[in-house]
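Good morning, and thank you for making time for this item.

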Amino acid sequence: MVAFLSILLAVALLVITVYGLHRYQTMEVEYTVDRSTPLPPLNQDEDSAPDTATARLEKAGKAERATKPKPVKSPQNWLNQVAELKKKNSFDAAMAICQQEFPLWGAYNQACIIERLKIKDENLPVEVREAGLRRLYQLAVTAELLHDKTDETEHLTLNQLKELDLDRVNALQHDYSEIGYAHLRLIRKSDIKTMLAIWGRPEQHTPPRSYHRNWWEKFVSSQA
């Protein structure tokens, strides 16, 4: 009986010893790992966040957004400005922009449209409508004189047109009864109706370049 108890006690002591050694080794390993692992920096922010794949992607996206140039709106061209002003019935401001773009064909076209809008109300006094009609007619004839490509007279390039002394061109007098409206590309049917109602029928229709032929030839020579 004493021998059996001695064996049982020895086995218990062995188990306790083995468990103690195992526990000690486990603690030693955990302690070693804790010592070898670097401590996280204090006040950690996103710039010092762990360099994981997700963090790198986020940083790359932010860097790209920061360096990517913001789209720059192109300057609004004069045609768009004129269109906006016409919508607001700011005809004088729109006309001023067109005048800055003379002698471009498009500028004369827009100027004629503006004058047409100003006199479209048939309830306006006759003298007001006639004054606007004369301005429209002057613009249409001037545009045709400068941009006509159908006759045999000398034509000017766009660069030459831009260098013209427009004061000399604008000083010309255009006789409606002689020039008429058939050769004016910027005149519309509504304009002709108004012309016939106010001025009657012209005696003939003559291209402005032909009507002012002598003047045009001297003018072109002076611009050379």
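Predicted model: local features only at pLDDT ≥ 70, side-chain atom pairs only at ≥ 80, totals over all residues.

Which residues in α3 meet which residues in α4? On the α3 side they are Trp78, Gln81, Val82, Leu85 and Lys86, and on the α4 side Phe91, Ala93, Ala94, Ile97, Cys98 and Glu101. To meet here is to be in contact, that is, to have heavy atoms within 4.5 Å.

Residues are numbered from 1 along each chain as its sequence is written, and side-chain values use heavy atoms, with hydrogens and water left out. Helices are DSSP runs of H or I with at least four residues, numbered from the N terminus.

Let me begin with the packing of the helices. Two packed helices are described by the angle between their axes and the distance between the axes. The axes are lines fitted to C-alpha atoms over the stretch in contact, and the angles run from 0 to 180 degrees between N-to-C directions. For α3 and α4, the angle is about 160 degrees and the axes are 8 Å apart. These two helices are therefore roughly antiparallel, a term for angles over 145 degrees. Their crossing is left-handed, meaning that the near helix is turned anticlockwise from the far one by less than a right angle.

The second pair is α5 and α6, whose axes come within 9 Å and cross at roughly 165 degrees. This pair, too, is therefore roughly antiparallel, and α5 passes α6 in a left-handed crossing. Among the residues of α5 that take part are Trp105, Tyr108, Cys112 and Glu115. The α6 side includes Arg135, Leu139, Leu146 and His147.

I turn now to the interior. In soluble globular proteins, nonpolar side chains tend to be buried together. A nonpolar core is here a set of buried Ala, Val, Leu, Ile, Met, Phe, Trp, Tyr and Cys residues joined through side-chain atoms within 4.5 Å. Buried means under 20% relative accessible area, exposed means over 50%, and partly exposed lies in between, with a 1.4 Å probe and protein chains only. The largest such core has 41 residues, and Phe102, Tyr108, Tyr137, Leu146 and Met195 touch the most other members. At least two residues of this core come from each of α3, α4, α5, α6, α8, α9 and α12. Which helix supplies the largest share of this core? That helix is α6, with 9 residues. As for Tyr137, its contacts beyond four places in sequence include Tyr176, Ile179, Leu184, Met195 and Trp199.

Next, the charged pairs. Side chains of opposite charge can pair when their charged atoms come close. A salt bridge is counted when a side-chain nitrogen of Lys or Arg is within 4 Å of a carboxyl oxygen of Asp or Glu. How many salt bridges does the structure hold? There are 7. In one of them, Asp92 pairs with Lys118, with the closest N and O atoms 3.8 Å apart. Asp92 lies in α4 and Lys118 in α5, so this pair ties together parts that are 26 residues apart in sequence. Asp92 is exposed at 60% relative accessible area, and Lys118 is partly exposed at 28%.

Lys118 also forms a salt bridge with Glu115, at 4.0 Å between the closest N and O atoms. Both residues lie in α5, 3 residues apart, or about one turn of the helix. Glu115 is buried, at 3% relative accessibility. Asp92, Glu115, Lys118 and Arg135 are linked in a network of salt bridges.

Finally, two single residues. Is His147 buried or exposed? His147 counts as buried, at 12% relative accessibility. This residue lies in α6, which spans residues 126–147. Setting aside neighbours within four places in sequence, His147 is in contact with Pro103, Leu104, Trp105, Leu161, Arg185 and Arg209. Asp165, in turn, is found in the loop between α7 and α8. Asp165 is partly exposed at 34% and, not counting residues up to four places away, touches Phe219 and Gln223. The C-alpha atoms of Asp165 and Gln223 are separated by 8.6 Å, and the two residues are 58 apart along the chain.

Notes:
Parallel < 35°, antiparallel > 145°, perpendicular 65-115°, else oblique.
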